[in-house]
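Hi,

Here is the structure I promised to pass on. Have a look at it first, and then read on for what I found in it.

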Amino acid sequence: MLVATAVPVERDAVVRAFGALAPGSDGSVLGVAGRAHPFRPGGTTAHGGSGTTAYGGSGAADRGGDGATAHGGSGTTAYGGSGAAAHGGGGGAAGRAGFGGIDVIAAGVGPGLAAASAAAALTAAALQGAPYGLVVSAGIGGGFQPDAPVGSVVVADEIVAADLGAETPDGFLSVTELGFGTVRHRPPEELVRRAAAAVGARAGAVLTVSTVTGTAERAAVLRERHPTALAEAMEGFGVAEAAVAHGVPVLEVRAISNPVGPRDRAAWRIPDALAALTEGFGKLVPVLESWNRHDS
């Protein structure tokens, strides 16, 4: 299974759900001395130093120094120095960690980079003869109020590219309405049901946007176009496009860090959302692993 987040702090929040990493006093992610977690591919040498967790990818050597977290991707050598964090890219990903057949990557911000990174990881796994059975887009995002309050977790029953299309004199037309493709991917209904039940989350549409909403007017427009929308983020549709191209089912899970609407940084609760992502993903792991083994 491949879990694609956008940035390292989201990746680390997911990784914490596996109990392998613990937060440092400065909010960084520190490892357990000398512990090495291999990726799914073999050919790895992982060296853990004091206070370090080192993750080795295929053909990679990871060496973590004091207080370092070093993440090596396929064909990557990542070296962490004292107090440093070194993240090696694997197939375009900004570092990844593997746990028992689950790989977690920081794929980058925006649908384009997310799609490219997820596609590269999917292709690499397929070429290695160990294709993924499930792809999960995970992270934090904005929530449409009052249905998705800050600190809650939502599961996508639709992954929608909300601003992929054209503005016309008669209003916005999606790529689907223009006849050029799809703007909507639907995760497996049974997987959505199981995931939402495990987390105690609401299920609804999660919108992918290239420009984060910053006004009440824009939020109202999006909600009018997508009445079932619970959240918006920037990567889900890109990850879904890569998964669908490889014939792999996809799911999106978001922890809510802020209301969708006026850009008020004082209202952001990013640490709370990251904590909710860790807690929620921990509850999801048995469901995802079961689906990956038996239902994909």
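A contact here means heavy atoms within 4.5 Å. With that in mind, residues 24 or more positions apart account for 62% of the contacts in the protein chain with a separation of 6 or more.

Some ground rules before the details. This is a predicted model, in which local features need pLDDT of at least 70 and side-chain atom pairs count only at pLDDT 80 or more, while totals for chains, interfaces and linings use all residues. Residues are numbered from 1 along each chain as its sequence is written, and side-chain values use heavy atoms, with hydrogens and water left out.

**Overall picture**

The protein chain has seven helices and 20 strands; these are DSSP runs numbered from the N terminus (helices H or I, at least four residues; strands E, at least two). Of its 296 residues, 50% count as buried, where buried means under 20% relative accessible area, exposed over 50% and partly exposed in between (1.4 Å probe, protein chains only). The chain exposes about 11800 Å², and carbon and sulfur atoms supply 55% of that area. Accessible areas come from the Shrake-Rupley method with a 1.4 Å probe; for residues, only the protein chains shown count as cover.

**The largest pocket**

A pocket is an open set of points on a 1 Å grid over the protein atoms alone, where a 1.4 Å probe fits, with protein on both sides within 12 Å along at least five of seven lines; lining residues have an atom within 4 Å of a point. The largest one has a volume of about 600 Å³, a volume being the space filled by probe spheres set on the points, which are joined across faces, edges and corners. Its lining is made up of 27 residues, and Ile140, Gly141, Val212, Ser257 and Asn258 lie nearest the centre. Two or more lining residues come from each of α1 (8–16), β13 (135–143), β19 (229–233), β20 (250–259) and α7 (270–295), with β20 giving the most, at four residues. By class, the lining has 15 nonpolar, six polar and six charged residues. For that count, Ala, Val, Leu, Ile, Met, Phe, Trp, Tyr, Cys and Pro are nonpolar, Asp, Glu, Lys and Arg are charged, and the others, Gly among them, are polar.

Valine 3 sits in β1 and is buried, at a relative accessible area of 0%. Its contacts, leaving out residues up to four places away in sequence, include Val14, Ile105, Ala138 and Phe281. Threonine 5 is also in β1 and counts as buried, at 3% relative accessibility. Threonine 5 and alanine 106 are 101 residues apart in sequence, yet their C-alpha atoms are 4.9 Å apart. Isoleucine 105, in β12, is buried at 0%, and its C-alpha is 6.3 Å from that of arginine 11.

Helix α2 (residues 111–127) has 17 residues and reaches 24 Å from its first C-alpha to its last, close to the 24 Å expected, which is 1.5 Å times one less than its number of residues. Its buried residues, including Ala114, Ser117 and Leu122, pack against β1 (2–5), β12 (102–106), β13 and α6 (236–245). Just after α2, glycine 129 takes a positive phi of about 80 degrees.

The peptide bond from glutamine 145 to proline 146 is cis, with omega near 0 degrees, and proline 146 is found in the loop between β13 and β14 (153–161). Most peptide bonds are trans.

Best wishes
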